[in-house]
Amino acid sequence: MKRILSILLTICLCSALVFADEQGDEYDDGYEYQNNMSGDQLLKLELDGHFPLNFDDHLKAGFGINIGYYKFIAPSLAVGGELTVTNNFSIGGKALFIIPITFGAMYQPQIGKFEFPIMANIGFATETWANQSYWPALTARASAGCYYRMSESWSFGGSTTLTTVTEYMNKGKNYTGVFLSAGINARYHF
């Protein structure tokens with residue numbers, strides 16, 4: 001009798017497995033994943049060409065490097081800052097170094113894996129030209145770019161930045177330099 005009950009119990013369990021509903025391993029809780037959420041952060045590294053716009057061919061194109069940090073306060077809005085080092089040479093071989101430190105905001109809409117940041121920053125810069133330094137120079141930067149989100153942690157792309165740097169010198173001899181830079185970027189998201 002015990003054998004018959006054991007056999008019937010085994011048949012019932014096996015038949016339950018045969019007729020079980022297949023749901024698969026996917027679980028959908030209705031949550032839509034977004035690349036950036038409030039509290040997410042990113043580090044940015046940019047290498048770019050640096051082109052003077054209002055120096056009447058007295059200043060040659062140069063190069064720049066930029067590092068930045070931003071923290072998202074909403075899915076498409078972040079605040080942060082950047083440190084940039086740029087270098088240009090004059091026709092006579094004199095070096096112009098500009099090191100702006102800026103703070104600002106970034107609005108970043110996205111379409112699929114593509115992200116389009118638009119940034120506005122303001123801050124101060126130090127300038128070195130022909131062994132003379134100028135501090136503080138007011139600087140403002142506006143930037144737009146396009147990035148492809150390769151993974152949850154990395155995005156790569158390019159951006160264009162318009163920078164103005166104003167020198168306040170003695171006796172009203174103020175000058176505002178305008179530069180355009182275009183570069184390639186890598187961003188680490190965490």
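Select T166 and T176: their side chains are joined by a polar contact of 3.2 Å (a pair of N or O atoms within 3.5 Å, one able to donate a hydrogen and the other to accept it; residues adjacent in sequence count only if both atoms are side-chain atoms). This is a predicted model, in which local features need pLDDT of at least 70 and side-chain atom pairs pLDDT 80 or more, while totals for chains, interfaces and linings use all residues. Residues are numbered from 1 along each chain as its sequence is written, and side-chain values use heavy atoms, with hydrogens and water left out.

Remain at T166, which is found in strand β9 (strands are DSSP E runs of at least two residues, numbered from the N terminus). T166 has a relative accessible area of 13% and is therefore buried (under 20%, with a 1.4 Å probe and protein chains only). Beyond residues up to four places away in sequence, T166 touches E127, A137, L138, Y175 and T176 (heavy atoms within 4.5 Å).

Next, select β8, residues 132-149. β8 pairs with β9 in the antiparallel sense over 12 bridges (pairing requires at least two DSSP bridges). Within this pair, G145 has S159 in β9 as its bridge partner, and a hairpin of four residues joins β8 to β9.

β7 and β8 pair in the antiparallel sense over 11 bridges, and F124 stands opposite L138 in β8. Their hairpin has two residues between the strands, and there A130 takes a positive phi near 55 degrees.

Finally, select β6, residues 114-115, which pairs with β8 in the antiparallel sense over two bridges. Here F114 stands opposite Y148 in β8.

Definitions and conventions:
Buried means under 20% relative accessible area, exposed over 50%, partly exposed in between (1.4 Å probe, protein chains only).
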